[in-house]
Amino acid sequence: MPENRSHHGRGRTIRLAVAIIPATSARPAAEPVVFMEGGPGGDAFDNIPFLIGSGVNRNNALIVVAQRGGLHSQPNLACPEIDRFGVKAVGLRYDAPSTGRELVRAAKECRQRLAAAGIDLSAYNTTENAADFADLRRALGIDRWNVYGYSYGTNLALTYLRLHPQGIRSVAIDSIAPPTVVNLPWTWDSAAEGIGEIFAACEAQPRCKSRYPHLRRTLDEQVRRLEAHPLTLMAQPPAGGNPVKVDLDGGALVNILVANTVKAVDVPAALDELAHGNPERFARARAIDVSTPIGTFAHGLTQSVACAEWVPGYSERDLLKAGRRNFPGWPDTVLAQAPQLPFEYDVCRAWNVPDRTAIQRVATFSRVPALLLSGTFDAKTGASWAHVAAATLPNPTSVRIPGIGHWVVPQSPCAASVLGSFLARPTAPDTGCVTGLRPPPFTITP
């Protein structure tokens with residue numbers, strides 16, 4: 001593929017890795033499914049087992065693309081510098097200015113290395129990414145295909161549908177991040193929705209409500225307490241290995257909840273344990289990053305997209321206001337950092353790519369049949385954002401799966417069934433299994 005199509009064939013080229021997994025059916029459908037990975041920057045190939053396990057290739061061949069900049073494609077925009085910082089950061093104050101300076105230093109080192117290799121970081125954006133998929137369909141000689149994306153892949157899928165509608169039979173988007181609303185303040189809205197849904201589900205279960213009353217108050221108290229008096233302790237990483245030093249402050253606690261590294265069914269019990277002097281569940285979740293493989297996540301793609309498409313147009317004050325609106329009374333040191341994207345304004349000043357918001361923050365209008373899947377416990381891309389995407393898609397089927405977090409299909413047999421039905425009949429999928437679904441029972445400790 002061209003690295004930058006605005007150079008009209010005069011610039012560098014890049015190589016994308018593509019995997020094609022045959023359908024398991026003896027009589028597969030003619031139209032394959034192309035998968036769009038999240039992140040941006042995630043390893044699409046690493047998720048092939050989840051896609052196969054969910055039956056995505058039962059009746060359709062499955063095409064998985066390592067997006068531009070991703071692992072297995074060339075160049076790979078991995079940032080081992082940021083990975084190594086992440087390993088170290090588990091023992092640092094999450095939102096301390098000194099931690100932010102170390103993150104920015106790692107990002108600068110990565111950017112300088114990639115730029116020195118001749119990589120045009122401004123070309124690693126959603127517009128070029130979408131054009132890659134359009135060119136790939138033609139290169140493979142496919143007349144029509146179905147598109148399935150999750151998380152950032154939904155942003156990419158909607159952009160692709162808007163700019164390259166030819167050859168698209170249907171679009172399924174899972175854990176939805178509409179291009180028109182993705183920005184840093186939006187992360188606090190999603191966090192409040194997902195965490196609030198967990199608390200509401202506990203309230204609706206008599207045993208959980210009785211055992212863990214006032215969960216929101218408990219969370220508020222623990223965020224304030226840990227931010228004022230962080231805990232430093234040893235914890236064993238979930239993947240095993242020797243215990244490591246972790247720092248548990250208010251910002252770290254919130255991001256553990258948003259990242260779902262303490263599973264939703266365990267959150268009430270974990271908060272209760274924390275309030276009674278036992279931080280073990282959260283401490284182990286904080287230690288998870290020490291097991292991160294170095295050099296597999298394409299942070300360069302993450303930052304090139306985020307800094308061009310998500311960050312501009314909203315100030316650090318806007319982010320703080322969104323945090324205060326959703327979580328009044330929390331310390332400003334917590335609320336000043338976007339969940340999952342701490343110190344992003346500082347990182348983006350160092351990453352220095354052009355503002356693309358006018359190009360990217362555009363609604364997609366299309367009559368192509370669309371399936372919108374959301375999990376009610378999703379604190380990264382709140383379930384309510386599906387209505388933003390659906391508003392300009394006249395043929396949507398919108399499904400909310402109770403009790404599921406980010407990336408619904410691999411976690412919900414019902415959602416996987418709905419996706420399979422949609423791929424078979426995009427205008428009339430069977431959503432009957434959703435009726436009567438309830439969140440699973442929460443963990444009840446003595």
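Residues are numbered from 1 along each chain as its sequence is written. In this predicted model, local features need pLDDT of at least 70 and side-chain atom pairs count only at pLDDT 80 or more, while totals for chains, interfaces and linings use all residues; side-chain values use heavy atoms, without hydrogens and water.

A pair of aromatic rings is described by the distance of the centres and the angle of the planes. Rings of Phe, Tyr and Trp (its six-membered ring) pair if their centres lie within 6.5 Å; planes under 30 degrees apart count as stacked, over 60 as edge-to-face and the rest as tilted. Helices (H or I, at least four residues) and strands (E, at least two) are DSSP runs, numbered from the N terminus. Both Tyr150 and Trp407 are buried, where buried means under 20% relative accessible area, exposed over 50%, and partly exposed in between (1.4 Å probe, protein chains only). Ring pairs also link Tyr150 and Trp407 with Phe35, Phe50 and Tyr148 into a cluster.

A second pair has another geometry. Trp188 and Phe327 are edge-to-face, at 5.7 Å centre to centre and with 70° between the planes. Trp188 lies in helix H6 (residues 184–204) and Phe327 in the loop between helix H13 (316–326) and helix H14 (332–335), so the pair ties together parts 139 residues apart in sequence. Trp188 counts as buried because its relative accessibility is 0%, and Phe327 is buried with a relative accessible area of 2%. Helix H6 also holds Thr187, which is buried at 9%. Leaving aside neighbours within four places in sequence, Thr187 is in contact (heavy atoms within 4.5 Å) with Leu319, Ala338 and Pro339.

Finally, Tyr152 is found in helix H5 (residues 152–163) and is buried, with a relative accessible area of 2%. Residues up to four places away in sequence not counted, Tyr152 touches several residues, including Glu37, Pro40, Asn129 and Trp310. The C-alpha atoms of Tyr152 and Gln166, 14 residues apart along the chain, are separated by 21 Å.
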